[in-house]
Amino acid sequence: MKKIQGSVVALVTPFNADGSVDLGRLRALVDWHIENQTDAILVLGTTGETASTTLEEDIVTVRTVIDQAGGRIPVIAGSGSNSSQMQQHKSVLYSEMGADALLCISPYYVKSNEEGMYRHFLMSADVATAPIILYNVPGRTGCRISPEVVKRLSVHPNVMGIKEASGDMAYAMKVARYLSDDFVMFSGNDDITVPLMSVGAVGTISVWANIMPKTVHQMCKDFLEGRHEQARQTQLRYLDLINALFMEVNPIPVKEAMNLMGLKVGHFRMPMFPMADENRKKLAKIMREAGLTPEDGA
């Protein structure tokens, strides 16, 4: 498998006006990211609204992205579920479809003990042919993958890394002790990508990359190639924009931002709902200031 590092876009799922997945736009987004130097694509992550899509839709979406990528760029498929059996099923299925890696989430809503958490991931890692990336996002799931469970899973030959999206640098430091050539970390928070790379992360799985793919790619490349100050300056320069992408629940702001840019990704699946007018105006202003949309009247 091609080594995955740098900027991995957490791709949105575009929808048609009737609420169906816009497969034509999905293909166009894949091409756009390849043209703009995105290093890998994550399909069916949190940003892809996978919690509100059906398995049938998910299969078609993964197949479309893999087909359009055509081996030009690695594709990670989100196979996570709060059901260990369903996560295992999707992990095997997406592996067979040609995904380069799988993103597996901790079991949300279902409360698990330590051994259950470990075996939740083990069930998929033991049978999938594509390697899995653990997904730690307690703000979404209500639980975290303990450092001890991460340690145990980090030595599994089919566990390649962790997407760390807790925003807790103390937790990230503990997990960083288990990083190696065979177990890597990706930042799951756009506002602290460079800080996480400073403790060993190899890149980011990014919401921000949906609107500034070249910039996120270059920031990661700068850090990986030793231009740390340049990467730090990029991180800080766009911090207001990054924060604006999370002023409401993801992916509401980033889809609004993409539509403002003319990327035509449509709206959301309920219970997601369009942004409040006040927040939309704030987002539009920050986008103009970042040079992503023309000034009024331009």
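What follows is a quick tour of the charged pairs and the nonpolar cores.

## Before we start

Keep in mind that this is a predicted model.

## Bridges across the chain

How many salt bridges are there? The count comes to 13.

One of the bridges joins the side chains of D31 and R72, with 2.7 Å from N to O. D31 sits in helix α1 (residues 23-35), while R72 is in the loop between α2 (55-69) and β3 (75-78), so the partners are 41 residues apart and the bridge ties distant parts of the chain together. As for R72, this residue is partly exposed, because its relative accessible area of 45% falls between the 20% and 50% cut-offs.

Another bridge brings together E57 and R269, at 2.6 Å from N to O. This one also links distant parts of the chain: E57 belongs to helix α2, and R269 lies in the loop between α12 (252-260) and α13 (277-289), 212 residues apart. Are these two buried or exposed? E57 is partly exposed, with a relative accessible area of 21%. R269 counts as buried, because its 15% relative accessibility is under the 20% cut-off.

The side chains of R232 and E229 form a salt bridge, 2.8 Å from N to O. Both residues lie in helix α10 (residues 228-237), three residues apart, which is about one turn of the helix. R232 is partly exposed at 37% relative accessible area, and E229 is partly exposed too, at 43%.

Salt bridges can also share partners, and here they join E115, R119 and R152 into one network.

## The nonpolar cores

In soluble globular proteins, nonpolar side chains tend to be buried together. Which residues have the most contacts inside the largest nonpolar core? They are Y94, L102, L134, W208 and I211, in a core of 77 residues.

Let's zoom in on Y94. Setting aside its neighbours within four places in sequence, Y94 touches L44, L55, D58, I59, V62, A77, G78, S79, A99 and L102. L102, then, is both a contact of Y94 and one of the residues with the most contacts inside the core.

Note on methods
Residues are numbered from 1 along each chain as its sequence is written. This is a predicted model: local features need pLDDT of at least 70, side-chain atom pairs count only at pLDDT 80 or more; totals for chains, interfaces and linings use all residues. Side-chain values use heavy atoms; hydrogens and water are left out. A salt bridge is a side-chain nitrogen of Lys or Arg within 4 Å of a carboxyl oxygen of Asp or Glu. Helices (H or I, at least four residues) and strands (E, at least two) are DSSP runs, numbered from the N terminus. Buried means under 20% relative accessible area, exposed over 50%, partly exposed in between (1.4 Å probe, protein chains only). A nonpolar core is a set of buried Ala, Val, Leu, Ile, Met, Phe, Trp, Tyr and Cys residues joined through side-chain atoms within 4.5 Å. Contact means heavy atoms within 4.5 Å.
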